[in-house]
Amino acid sequence: MIRLILFDIDGTLIRTGGAGVRAFAKTFATEFNLPEATRDLNFSGRTDPSLVRECFKKHRIELTPENFEHFFGIYPHWLAYYLHELDGGPCPGVFEMIRELKGLPKQPVMGLLTGNIRLGAEIKLRHYDLWDPFVMGAFADEHEDRNQLA
């Protein structure tokens with residue numbers, strides 16, 4: 001019997017056309033005067049806070065709670081903007097899979113396990129009408145190390 005299913009978001013449930021990467025770049029450019037901050041950054045499998053920390057270190061920005069709060073206070077606005085500007089969508093078969101899981105006699109709990117901050121995950125999934133099926137989650141706000149989230 002399946003009791004719990006945890007889903008990653010980017011590349012598993014949705015593709016955003018690069019909205020997250022662009023939102024990171026725009027936030028660094030507008031808020032920290034770093035127009036090329038994300039050029040050499042590898043986003044795959046990373047948590048949002050670990051990416052910000054790497055950029056801050058690389059560009060000698062103080063690793064203060066205030067700087068992280070400032071970044072993550074602006075980033076969601078750019079994320080929502082780019083989701084509307086870029087082509088993206090649910091990965092093939094996602095809606096069908098969710099419908100089938102919800103139709104099981106003993107429906108499993110569906111949750112998220114992601115390197116996105118909670119607000120970023122919600123913005124992405126709401127944009128593609130995929131937020132509501134997930135009743136719980138582990139998000140990067142809870143721990144910067146992806147391996148500690150589960």
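Which residues in α1 meet which residues in α2? Select Phe24, Phe28 and Phe32 in α1; they meet Asp48, Leu51, Val52, Cys55 and Phe56 in α2. To meet here is to be in contact, with heavy atoms within 4.5 Å. Helices (H or I, at least four residues) and strands (E, at least two) are DSSP runs, numbered from the N terminus.

Before moving on, note that this is a predicted model, where local features need pLDDT of at least 70 and side-chain atom pairs count only at pLDDT 80 or more, while totals for chains, interfaces and linings use all residues. Residues are numbered from 1 along each chain as its sequence is written, and side-chain values use heavy atoms, with hydrogens and water left out.

**Stop 1: α1 and α2**

Keep both helices selected. Their axes come within 12 Å and cross at roughly 45°. Axes are lines fitted to C-alpha atoms, for helices over the stretch in contact, and angles run from 0 to 180 degrees between N-to-C directions. That angle makes α1 oblique to α2. Angles under 35 degrees count as roughly parallel, over 145 as roughly antiparallel, 65 to 115 as roughly perpendicular and the rest as oblique. The crossing of α1 and α2 is right-handed. A crossing is right-handed if the near helix is turned clockwise from the far one by less than a right angle, and left-handed if anticlockwise.

**Stop 2: the aromatic rings**

Now show the aromatic side chains. How many aromatic pairs does the structure hold? There are 17. Rings of Phe, Tyr and Trp (its six-membered ring) pair if their centres lie within 6.5 Å; planes under 30 degrees apart count as stacked, over 60 as edge-to-face and the rest as tilted.

Select Phe24 and Phe43. This pair is edge-to-face, with 5.4 Å centre to centre and 90° between the planes. Phe24 lies in helix α1 (residues 19–32), and Phe43 in the loop between α1 and α2 (48–58). The pair links distant parts of the chain, 19 residues apart. Is Phe24 buried or exposed? Phe24 counts as buried, at 1% relative accessibility. Buried means under 20% relative accessible area, exposed over 50%, partly exposed in between (1.4 Å probe, protein chains only).

Next, select Tyr81 and Tyr82. They form an edge-to-face pair, 5.0 Å centre to centre, with 75° between the planes. Tyr81 is partly exposed, at 40% relative accessible area, whereas Tyr82 is buried at 14%.

**Stop 3: α1 and α3**

Select α1 with helix α3 (residues 65–85). The two axes come within 8 Å and cross at roughly 130°. α1 and α3 are therefore oblique to each other. α1 passes α3 in a right-handed crossing. The contact includes Ala23, Phe24, Lys26 and Phe28 of α1, and Phe71, Ile74, Tyr75 and Trp78 of α3.

Zoom in on Lys26. Its charged end sits over the ring of Trp78, 5.1 Å from the ring centre. A charge sits over a ring if NZ of Lys or CZ of Arg is within 6 Å of the ring centre and within 35 degrees of the ring normal.

**Stop 4: α3 and α5**

How do α3 and α5 lie? Their axes come within 10 Å and cross at roughly 20°. α3 and α5 are therefore roughly parallel to each other. α3 passes α5 in a right-handed crossing. Tyr75, Pro76, Leu79, Ala80, Leu83 and His84 in α3 meet Leu119, Gly120, Ile123, Lys124 and His127 in α5.

**Stop 5: two loop residues**

Most residues other than glycine have a negative phi. Select Asp129, in the loop between α5 and β5 (136–138). Its phi is positive, near 60°. Asp129 is exposed, with a relative accessible area of 60%.

Now pick Arg60, in the loop between α2 and α3. Phi of Arg60 is positive too, near 55°. Arg60 is exposed, at 78% relative accessible area.

**Stop 6: Met110**

Finish in strand β4, at Met110. Met110 is buried, at 3% relative accessibility. Leaving aside neighbours within four places in sequence, Met110 is in contact with Ile5, Phe7, Ile98, Leu101, Lys102, Pro133, Phe134, Val135 and Met136. Check Val135: its C-alpha atom and that of Met110 are separated by 6.2 Å, though the residues are 25 apart along the chain.
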